[in-house]
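Thanks for taking a look at this one with me. My notes are below, in numbered points.

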Amino acid sequence: MSHEQLDARRMLCPMPVIKTQNKVAMMHAGDVIDVICTDPGALNDIPAWARINGHEIINTVQTDDEITISVRVGA
Amino acid sequence: MARQHKAVALISGGLDSMLAVRVLQEQGIEVEGINFYTGFCVEGHTHAIRNHDKDKQKRNNALWVAEQLDIKLHIVDVIEEYKDVLLNPKHGYGANMNPCLDCKIFMVGKAVEWVKEHHQDGFDFIVTGEVIGQRPMSQRKKTMPIISEESGADDLLLRPLCAKNLPETLPEREGWVDREKLYDFSGRNRKPQIALAKSFGLNDFATPAGGCCFLTDKNYSDKLVDLWKARNSREYEMDDIMLLKVGRHIRPDSGFKLIIARDAGESKFLEGYRKQFPSIYALSHSGPMALVDGNFNEEHYALAAGIVARFGQGRNADEVELDINIPEQGHQQIKTTPLAADDVLQEWYV
């Protein structure tokens, strides 16, 4: 199982979702990716994208400046 | 056993594409969505940069629609390819810099490519939520066949909301879709769509005023044209088109332009660009972050600082100290008198 990181800081919706989608397409079921964003919209969009596509949000950490959303890749 | 036919639908996030998918789902057709990101798409998030828009829904409508319809959505970055559509539209522009007809042809063409790539997964045809007469440039009786032909979709392009006003398509002729259960909507009246939405139990849907693209907006288009004129080139990068959505744009000199934040939300957003663009902000008083785009040198500093000071809390002070940062060169402090309101000329505003 791999654990990767994606820097989506300063990107506005829907770029964090597109970058996550493209990265996940190259990963395997069970792998985890931490997406680091600054657009608060990602708090809504990445989970919505994950639900539609069968992935799981396993953690979300929000600070004043950044949001890190951890996604486990679905089958 | 007959093969299950599937469709890919262009999902904008608005009501029409949502209904088009729902109509086919009623016929048992499996649909997946595709959404193209050009960089000019109007998104709640872009508006949400500003403080007073913070309460607006921060959702991507295309994703939201896909979730309501229980379909997969493929979001495709077409920023680079879209440049040619914007810069060289065969069918010209609409009221502003919006190449709507070429844009639709491009997007349907991209969907054609996607269907070809995924034919082995059962995808056979393309669906849009187009309605004849709905849009003055791209959705007219005359333009419907142009989109089908020039995109390469031909009779694989089905528009369920107005199909009965158009010639039969392959999915209808082959019986994959029952034409009788499609619709004959036309014109700008939204009542039939709203009634159909209600019949499906859909009560929440996006109704973006002026469409879903910044290029239909006069102010945005004016800023884009100004940028091209100032650079003597129509090339643009993603950061350029993002920054046109934010702040006051003031061009006091043909060589440079100031982008001045209108509130704390925009200041925070512009701060993210300080490594790429020269920036100015007040040290002695509260005030907005400003970026400088263009050929900016020391002879411009006093004028630029005076304008930025004008938009901060020190606007009435005798003197304001500001920091000017030039990437890879460093910071410089400057003291200046803020420009009087009348000295910020109206023609400087882009």
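Here are some comments on the fold of one chain and on its contact with a partner.

1. Please keep in mind that this is a predicted model, where local features need pLDDT of at least 70, side-chain atom pairs count only at pLDDT 80 or more, and totals for chains, interfaces and linings use all residues. Residues are numbered from 1 along each chain as its sequence is written, while chains are lettered from A in the order in which they are written.

2. Chain A holds two helices and four strands, arranged β-α-β-α-β-β from the N terminus. Helices (H or I, at least four residues) and strands (E, at least two) are DSSP runs, numbered from the N terminus.

3. The radius of gyration of chain A, 11 Å, agrees with the value near 11 Å for a compact globule of 75 residues; it is taken over C-alpha atoms, and the globule rule is 2.2 Å times the number of residues to the power 0.38. The C-alpha trace spans about 30 × 20 × 15 Å along its principal axes.

4. For residues 5–72 of chain A, UniProt lists "domain: UPF0033" in an unreviewed entry; such annotations may be inferred rather than shown by experiment. That stretch is 32% helix and 34% strand, with its end C-alpha atoms 12 Å apart.
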